[in-house]
Amino acid sequence: MIWSLQSAPDLSDHQFDQWSKLLEERAGICLGDQQRVFLQTQVSMRMRELGDNDYSQYYSKVVDGITGMMEWSILLDRLVVKETSFFRHQASYDFVRHYLQDQINNNALEGSFDVWSVGCSSGEEPYSLAMAINDIFELARLEPYYGVVATDISRAALTIAKNGIYPQRKVELVEPLIRQRYFSAQEKNRYSIDTELRDRICFNQANVLNISEMPSVKLNVIFCQNLLIYFRRELRFELMNAFADRLKPGGILVCGLGEVVDWVHPEITRAPNDSVQAYVRK
């Protein structure tokens, strides 16, 4: 029977450990045994495309030189691109809105309002942040002086994000007023993000494991939801510390509910809001 018509062979314990370690070393993602089927499915699908039929031989191909790095980049897109949506966990975006409104009311804004969307995937998160921020500047009748840096490890996801075009099923979940303000209907039931809003966002490919090599720009908001949960506890704390160091005085760090437990930092306090997991730099 042709390989492409066969069901995927099972990963042995050794092969699962081998692939899991590679994913953690290169992307920080820690897979438990419950993700074995997911890993097996994604790897085997890529192997089918190449005509390979042995996990160990394909592994050797992935870790071999420049060609291997190119193949790893393709495979990684299959392993890390996750489903997301506009304004996922609305309370977190409302928290950013209220924070910016307070900054404006207290005349506390100094220069540009700078935001980092970490693990932005296909762009829904940074676009949602830009919409929320833009609304507040307009309500305050102020010239919108802000920028959003959005990073992700997946080049495929970033291509979608940069294009800023989404299917109707994604956009129809957005509040009608926001949809009318920031989206334009295209052919084939697709919608594009307003050009002016898109220009506010700088998308970059980056591996958060290399955060020490990234420019240490001070930020008003760091938004990191549904990413840290994939990492080991020690790595989560290491990244949270690095995020804290990149906040402006009074800046905020927003992560997913329950993603980080028992993290403390001498310059950081937990925001008194049970509906979000947010931290404020003193």
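Author: Two strands pair if DSSP finds at least two bridges between them. The model discussed here is predicted.

Reader: In which sense do β1 and β2 pair?

Author: Six bridges join β1 and β2, and the definition asks for at least two, so the two strands count as a pair. Within this pair, Val115 stands opposite Val148 of β2. The sense in which β1 and β2 pair is parallel.

Reader: Which residue in β7 is the bridge partner of Ser117?

Author: Strand β1 covers residues 113-118, and strand β7 covers residues 219-224. These strands pair in the parallel sense over three bridges. Ser117 has as its bridge partner in β7 the residue Phe223.

Reader: How many of the residues of β1 are buried?

Author: A residue is buried when its relative accessible area is under 20%. Phe113, Val115 and Ser117 point one way from β1, while Asp114, Trp116 and Val118 point the other way, and all are buried. Strand β1 is thus mostly covered, and the number of its six residues that are buried is six.

Reader: Which are the edge strands of the open sheet of seven strands?

Author: This sheet has mixed pairing and the order β6-β2-β1-β7-β8-β10-β9. An edge strand here pairs on one side only.

Reader: Across which strands does helix α11 lie?

Author: Helix α11 comprises residues 233-245 and runs at about 145° to β8. Another helix, α7 (residues 155-163), lies across β2 and β6, running at about 165° to β6. Helix α11, in turn, lies across β1, β7, β8, β9 and β10.

Reader: What is the average twist from one strand to the next in the open sheet of three strands?

Author: The three strands have the order β3-β5-β4, with antiparallel pairing. At the edges stand β3 (165-167) and β4 (183-186), each pairing on one side only. From one strand to the next, the twist averages 35°.

Reader: Which residue in β5 is the bridge partner of Ala185?

Author: β4 and strand β5, residues 190-193, pair in the antiparallel sense. Four bridges make up this pairing. The partner of Ala185 in β5 is Tyr191.

Reader: Is α1 roughly parallel or roughly perpendicular to α4?

Author: Helix α1 (residues 13-27) and helix α4 (residues 65-80) pack with their axes 12 Å apart, at an angle of about 95°. Angles of 65 to 115 degrees count as roughly perpendicular. Therefore, α1 is to α4 roughly perpendicular.

Reader: How many residues of the contact of α1 with α4 are nonpolar?

Author: From α1, the residues Trp19, Leu22, Leu23, Arg26 and Ala27 take part, and they meet Met69, Trp72, Leu75, Leu76 and Leu79 in α4. The residues of this contact include no polar one and one charged one, and the number of nonpolar ones is nine.

Reader: What span should the 16 residues of α4 have?

Author: The expected span is 1.5 Å times one less than the number of residues. The end C-alpha atoms of α4 are 22 Å apart, which agrees with the expectation. For the 16 residues of α4, the span should be 22 Å.

Reader: Which helices are included in what covers the buried residues of α2?

Author: Helix α2 has 15 residues and is followed by Gly51, whose phi is positive, near 80°. Its buried residues include Leu39, Val43 and Met47. What covers the buried residues of α2 includes α1, α3 and α4.

Notes
Residues numbered from 1 in each chain as written. Predicted model: local features only at pLDDT ≥ 70, side-chain atom pairs only at ≥ 80, totals over all residues. Heavy atoms only, no water. Axes fitted to C-alpha atoms, helices over the stretch in contact; angles between N-to-C directions. Parallel < 35°, antiparallel > 145°, perpendicular 65-115°, else oblique. Contact = heavy atoms within 4.5 Å. Nonpolar A, V, L, I, M, F, W, Y, C, P; charged D, E, K, R; others polar. Buried < 20%, exposed > 50% of the residue type's maximum accessible area, 1.4 Å probe, protein only.
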